[in-house]
Structures are given as structure tokens and as C-alpha cells.
Amino acid sequence: MSEKKPSLGLRLYAILAYAYIYLPIILLVIFSFNSQKLNVRWEGFTLHWYGELFRDQDVLLATRNTLIVAFVSTLLSTIIGTLAALALQRYRFPGYTISESILYIPVIIPEVVMGISLLVFFAMINFRLGLTTITLSHIAFNIPFVTLVVRARLHGFDKSIEEAAMDLGANWLITFWRVTLPTIMPGVLAGALLAFTLSLDDYVITYFTAGPGSTTLPLRVFSMVRFAVTPEVNALSALWILTVFIVLGMGQILQRKQT
Amino acid sequence: MQDTVNQKTKYRAPSILSRLREDPQSQGLALISPTFLYLMIFMILPMVLVVILSLLTRGPYGNVVYRLNLSNYTRLIDPLYLRILWFSLWTAGLTTILSVLIGYPLAYYIARSPRNQRSLLLFLILVPFWTNFIIRIYAWIMILRTEGLLNTFLINLGVIKVPLDILYTPTAVLIGMVYEFLPFMVLPLYTSLEKIENAQLEAAADLGAPPWKVFLRVTFPLSVPGMIAGSILVFIPAMGMFVVPDLMGGAKTILVGNLIRNQFLVARDWPFGASASMLLLLLTLAVTLLYTRKAGFGEELLV
């Protein structure tokens with residue numbers, strides 16, 4: 001579609017729509033500096049709730065757990081998912097269609113079904129619920145998304161560069177390390193970034209696969225929200241939003257460097 | 001004799017490695033096998049277990065008794081559960097429709113904007129989506145609750161005298177769900193709108209069609225694949241959602257997702273919870289199939 005000056009009505013609508021998207025989050029951040037505990041109306045500026053947050057042992061433990069799960073699951077799902085993307089984009093093999101359809105499952109089944117399936121599975125093999133089960137589950141839902149992103153990147157990849165490297169005497173390992181991987185690196189990084197944020201964000205699957213002591217940040221936020229609407233939750237949310245902005249910004253910079 | 005054995009070992013020893021080096025089919029299999037095995041163990045096998053579980057019986061202490069029967073499925077026909085099911089379909093359907101109504105003009109606006117601004121405008125839709133979804137629900141709780149920002153604002157303006165009770169109603173659940181899933185609708189809609197060739201629109205205009213007719217006869221039909229993809233991406237998670245009703249819906253709003261969660265973690269009737277999950281899965285698959293059959297689409301789902 002070409003650019004054609006949108007009508008006044010449409011432009012006004014767009015302004016309203018963006019306000020609708022952003023206003024709740026902006027209000028959330030503003031009220032994290034509110035000195036009134038009940039958080040009903042604005043009373044005065046304070047950083048008290050941020051201090052409170054850093055003394056909250058539950059929040060600190062949950063943060064640690066979340067980061068461990070996110071890092072480990074991102075690393076493993078990125079490696080496994082990238083290999084699958086290479087396989088599907090480059091090769092034909094028996095079981096190709098089945099493998100491809102399995103990768104769509106997380107897109108078309110409700111999360112709650114995947115959550116209870118994993119709960120049933122871990123219960124049946126008597127696996128203690130905890131950080132390990134959360135991480136194993138996160139890897140499972142992350143692999144398909146990594147594969148999807150990396151595959152999209154491989155789409156325009158020119159195979160003749162690899163053949164040239166082979167012709168010049170490089171073996172497949174060197175070719176992969178020096179030619180293939182650097183070329184698809186932006187896609188791999190984008191996939192890893194997606195996996196990291198999905199893992200950071202996940203509530204439903206974590207909820208079913210978490211055990212005592214393995215509370216993650218989304219679970220912690222949920223119980224805080226359920227319990228009371230206090231500025232401490234706002235402060236936690238504001239820091240979370242800030243972190244996401246930093247990670248997204250880094251992703252943008254990385255991608256710009258690559259291209 | 002000695003000779004043949006030697007030949008055999010000589011031939012066999014390098015066989016796997018050399019096959020990996022030369023045969024592309026084995027290379028492909030080697031690359032896909034970690035994913036295949038992992039998803040078989042941690043996605044397919046667990047779902048098969050749930051299917052089996054749905055056919056078993058709950059024991060007296062919330063344990064599972066290995067006696068095959070269909071009673072968990074017949075129990076679902078109870079009016080109580082049918083009402084929950086109907087309410088879930090209604091909520092998910094309305095969420096999808098509202099997302100189309102709100103998202104379509106927005107996607108259209110972005111597709112019509114100057115080329116160099118489009119990715120920024122799209123990025124701005126996605127940014128809130130990257131923040132945690134419970135935080136987004138919390139923002140709306142802050143706004144909607146009885147002593148919340150909306151009521152305070154309206155009372156101070158003098159529009160209302162008594163605060164509105166929006167939070168803990170089905171309306172609140174709808175507000176929360178639409179806010180959560182809107183980006184899923186805008187993205188595929190934008191993709192299909194953006195692809196429309198200008199020549200097609202000009203041709204229609206040259207032939208004398210007024211702008212509204214161009215939209216109705218050219219633009220809209222060409223954006224249907226995006227709308228279908230968006231609807232699937234909104235409908236499926238909305239169907240299984242239990243967090244939004246938990247936090248915003250109050251005790252009265254129970255969706256299938258809540259029912260399943262309660263059977264597994266509160267009532268501890270796993271077989272019945274499993275059969276409810278199967279029903280949810282069948283419903284979402286049926287809706288997806290019905291929808292995709294109506295129009296060919298593919299890449300829109302992958303954005």
C-alpha cells in the first residue's frame with residue numbers, strides 16, 4: 001500500500017489508539033512515585049517504594065529464579081532451535097512434514113493445556129517440581145519460536161558462499177563456524193532475544209510447573225496484585241518496563257551493527 | 001575368512017561419520033533430531049498422557065484410579081459446565097470482534113503512513129506487549145477499581161456521583177483481554193494491508209469507484225487473510241485464558257481455563273480436568289480449521 005495522507009479522522013483515531021495503548025503504562029509508572037500507600041490519589045513524590053522493593057527478600061529470590069530460568073532456557077533453546085531451522089531450510093529428509101507440524105503446536109494450542117500436560121508428565125515420572133522443571137518446560141515452548149525466527153533469516157541465504165569455502169578446502173565444521181554462523185547470527189540473536197523475553201514473561205506454564213521455593217517474578221507479581229494494590233507493585237512494574245526497554249534497545253543496536 | 005572380517009570392519013567403522021559428511025539426508029536428520037526428540041518428550045508425550053488421563057477415574061483421595069471409562073466426558077454435558085463453555089466462547093468471540101474493530105483502523109493507518117515511519121509505528125504497538133502481561137492487567141486494575149483512577153477522575157469532573165462498578169465484572173475481563181491481545185490482531189492485519197498493490201487501488205478508482213467502494217471491494221477483501229490470522233492468534237489464547245478472569249473478573253466469572261486450573265490444583269480431580277482440557281483443545285482446533293478453510297493463509301500467522 002502506498003502512502004497517502006490519512007484523513008483527519010483516521011489520524012485522530014490513531015492518536016486515541018496510541019493513547020489507549022500507552023496511558024495505562026504511563027500511569028502505572030507515575031504512581032510508583034506516589035507517597036500514599038493506598039495508591040488512590042496522588043499525594044507526593046517519593047522513592048520509598050523502590051527502597052522497599054530492594055529489601056523484599058521474596059522479590060529478590062524471584063528475580064534470581066527468573067534470570068536463571070531465562071538464561072538457561074534461552075541458551076539451550078537457541079542452540080537446538082537453530083539446528084532445526086538449518087535442517088528445515090536446507091535439507092529434505094524422512095519425517096520432514098511431521099517435524100514441521102510439531103513446531104506449530106505451541107502456536108495453536110492454548111497455554112493452559114500445555115501447562116497441565118507438563119504438570120501431568122512430571123507428576124507421572126515423579127520429577128520434583130522446581131527450577132529444573134520450569135526450565136525444561138520453557139525450552140520446550142521456546143524452541144519453535146527460535147526456529148521460526150532463524151528460518152526466516154535463512155530464507156535469503158546464498159548457499160554458494162558455503163560451497164566456495166568448501167571448494168577452497170575448508171571442512172564443514174570450519175565452513176559452519178566461519179561462514180554460515182556469522183551470516184545467520186542476526187537471526188540467531190533475534191531468536192535468542194525472543195526466547196529470553198518469552199521466558200521472562202511466562203506466567204501460565206511456569207505456574208503449573210513451579211514447586212515450592214521456585215517462584216519466579218511473574219508468579220510473585222501475580223500474588224502481590226491479588227493481595228493488594230500498593231505502590232510497591234508499581235515500582236516493580238516500572239523497573240521491569242525499564243529493563244525491557246534496555247534489552248529491546250540493545251537488540252536494536254545489535255541488529256543495526258550487523259546490517 | 002580373516003580377510004572378509006577385516007573388510008567388514010574396515011567398511012563399517014567410518015560409515016556413520018562418512019555418511020554424515022556425504023549424505024545430505026543424514027545431515028538433515030542429525031540437525032532436526034534434537035528438536036524432534038525434545039518436543040516428542042516434553043510436548044507430545046505429555047499431551048498423550050492427558051488424553052489417557054481423561055479416560056481414567058478419580059480415586060477417593062484425589063488420586064487416579066486406572067479404570068477406563070467415559071464418565072469424565074459425560075459429566076461435561078452438565079448445564080453448569082455447558083454454561084461455562086458457552087460463556088468462554090462468548091468472551092473469546094467478543095474479544096476477537098472488538099480487537100478487529102479497534103485494530104483494523106489502526107493497522108490501516110500504519111499501512112498508509114509514510115514508508116519510513118511504518119516500522120516505528122509498528123514497533124510502538126509492540127513495546128507494551130513486551131512488558132509482562134500481569135503488569136498490564138495490574139495497570140487496568142488500578143484504573144478500573146471502585147476507588148481507582150477512572151472513578152476519581154469522573155467524580156472530580158462531576159460526570160458521575162457514585163463510582164462505577166466495572167472491576168470484577170465480565171466487562172472488566174473483556175477490557176483486559178482486548179488490551180492484552182490487540183497487537184496479535186494489528187500485526188497480521190498490517191502485513192496483509194501493506195502488501196496490497198497500489199495499482200489495484202488506482203485501477204478501481206480510475207474505473208470510477210468512490211473511495212468507500214474501493215475500500216469495500218478491493219482493500220477489505222484483500223485484508224481478509226490477515227484478519228483471519230489475527231483472529232486465530234487472539235481467539236486461541238482468549239479461549240484458554242484464566243489469569244485475566246482471576247484478577248479482573250471476580251468470583252462469578254469462570255471460563256474454561258479457570259475450570260481446568262481448578263480441577264487440577266484445587267478440586268484435584270485430574271481426570272475430569274484432563275477431559276475439560278481435551279474439550280478446550282478440540283474446540284480451538286475446530287475453530288482454527290473452520291477459519292483457515294475459509295481462506296488460504298500462511299505467512300500472516302508467522303509474523
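**Briefing: a helix contact between chains, a covered helix and two loop residues**

With 15 C-beta neighbours inside 10 Å, B:R268 counts as partly exposed. B:R268 belongs to a predicted model, where its place is in the loop between α13 (256-265) and α14 (270-294) of chain B.

Loop residues with positive phi
- Most residues other than glycine have a negative phi.
- B:R268 is not a glycine, yet its phi is positive, at about 55 degrees.
- B:Y168, also not a glycine, has a positive phi of about 65 degrees.
- The loop that holds B:Y168 runs between α8 (149-157) and α9 (170-195) of chain B.
- B:Y168 is partly exposed, with 19 other C-beta atoms within 10 Å; a residue counts as buried at 20 or more.

Contact between α1(A) and α7(B)
- Helix α1 of chain A (residues 8-30) packs against helix α7 of chain B (residues 133-144) at an angle of about 80 degrees, and their axes are 9 Å apart.
- The two helices are therefore roughly perpendicular to each other.
- From α1(A), the contact involves A:P24, A:I25, A:L27 and A:L28; from α7(B), it involves B:R136, B:A139, B:W140, B:M142 and B:I143.
- Of these contact residues, 8 are nonpolar, 1 is charged and none is polar.

Helix α11 of chain A
- Helix α11(A), residues 217-227, is mostly covered, with 8 of its 11 residues buried.
- The buried residues are A:L217, A:P218, A:L219, A:R220, A:V221, A:F222, A:M224 and A:V225.

Technical notes: Residues numbered from 1 in each chain as written. Chains lettered and ligands numbered in written order. Predicted model: local features only at pLDDT ≥ 70, side-chain atom pairs only at ≥ 80, totals over all residues. Axes fitted to C-alpha atoms, helices over the stretch in contact; angles between N-to-C directions. Helix = DSSP H or I, 4+ residues; strand = E, 2+ residues; numbered from the N terminus. Parallel < 35°, antiparallel > 145°, perpendicular 65-115°, else oblique. Contact = placed C-beta atoms within 7 Å. Nonpolar A, V, L, I, M, F, W, Y, C, P; charged D, E, K, R; others polar. Buried ≥ 20, exposed ≤ 12 C-beta atoms within 10 Å, placed from the backbone.
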